[in-house]
Amino acid sequence: MRIDQTAHYRADTDEGGEEFAKLVPRGGHTVPIKDAETGESRIYTVTLFHQLKCLGIIRDNYAEMRPPSSVTRHCMNYLRQSILCNPNIKIEPVVNNVGSAVRGYETVCRDWTKVYEEVDKLHGMTSDV
């Protein structure tokens, strides 16, 4: 995957908000999972989608130029914890002495498309169910 500057996901356009909203699966960021022993379903959130939903919430809060809500504060803390627990510790070239990183480099990411497919199955949104 190429990491670079993008014109997408802007905080100051309606299109940016729509792009963020599309990062979360159609059925939402939670999924029902049946307990193998009891057969009862419990609701779980998929961390990837919880993180993306939080980015969208922070973006919306920023775009509306309002003080952080309790949900926004939750999201900031949640993303901080997520980054600290699963950090990307690669080095990036910088463009100035304050450490602004160059946003043009190659990286290998996990295949998150499979996660979307499985969540869609759990939501009953594919023909495989």
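H1 passes H2 in a left-handed crossing. This is a predicted model, so please take what follows as computed from that.

Staying with the two helices: two packed helices are described by the angle between their axes and the distance between those axes. Here, the axes of H1 and H2, the latter covering residues 47-63, come within 9 Å and cross at roughly 160°. Because angles over 145 degrees count as roughly antiparallel, H1 is roughly antiparallel to H2.

Now the residues at that contact. On the H1 side they are Gly-16, Gly-17 and Phe-20, and they meet Leu-55, Gly-56 and Arg-59 of H2. By type, the contact divides into 2 nonpolar, 3 polar and 1 charged residue.

Next, the aromatic rings. The count is 3 aromatic pairs. One of them is Tyr-9 with Phe-20, an edge-to-face pair with 5.3 Å from centre to centre and 75° between the planes. This pair links distant parts of the chain, 11 residues apart: Tyr-9 sits in the loop between strand E1 (2-3) and helix H1 (14-22), while Phe-20 belongs to H1. Phe-20 is also among the H1 residues that meet H2.

Phe-20 has 13% and counts as buried, because the cut-off for buried is under 20%.

Trp-112 and Tyr-116 also pair: their ring centres are 5.7 Å apart and the planes lie at 70°, so this pair is edge-to-face. Trp-112 is partly exposed at 42% relative accessibility, whereas Tyr-116 is buried at 18%.

How values were computed. Residues are numbered from 1 along each chain as its sequence is written. This is a predicted model: local features need pLDDT of at least 70, side-chain atom pairs count only at pLDDT 80 or more; totals for chains, interfaces and linings use all residues. Side-chain values use heavy atoms; hydrogens and water are left out. Rings of Phe, Tyr and Trp (its six-membered ring) pair if their centres lie within 6.5 Å; planes under 30 degrees apart count as stacked, over 60 as edge-to-face and the rest as tilted. Helices (H or I, at least four residues) and strands (E, at least two) are DSSP runs, numbered from the N terminus. Buried means under 20% relative accessible area, exposed over 50%, partly exposed in between (1.4 Å probe, protein chains only). Axes are lines fitted to C-alpha atoms, for helices over the stretch in contact, and angles run from 0 to 180 degrees between N-to-C directions. Angles under 35 degrees count as roughly parallel, over 145 as roughly antiparallel, 65 to 115 as roughly perpendicular and the rest as oblique. A crossing is left-handed if the near helix is turned anticlockwise from the far one by less than a right angle, and right-handed if clockwise. Contact means heavy atoms within 4.5 Å. Ala, Val, Leu, Ile, Met, Phe, Trp, Tyr, Cys and Pro count as nonpolar, Asp, Glu, Lys and Arg as charged, and the others, Gly among them, as polar.
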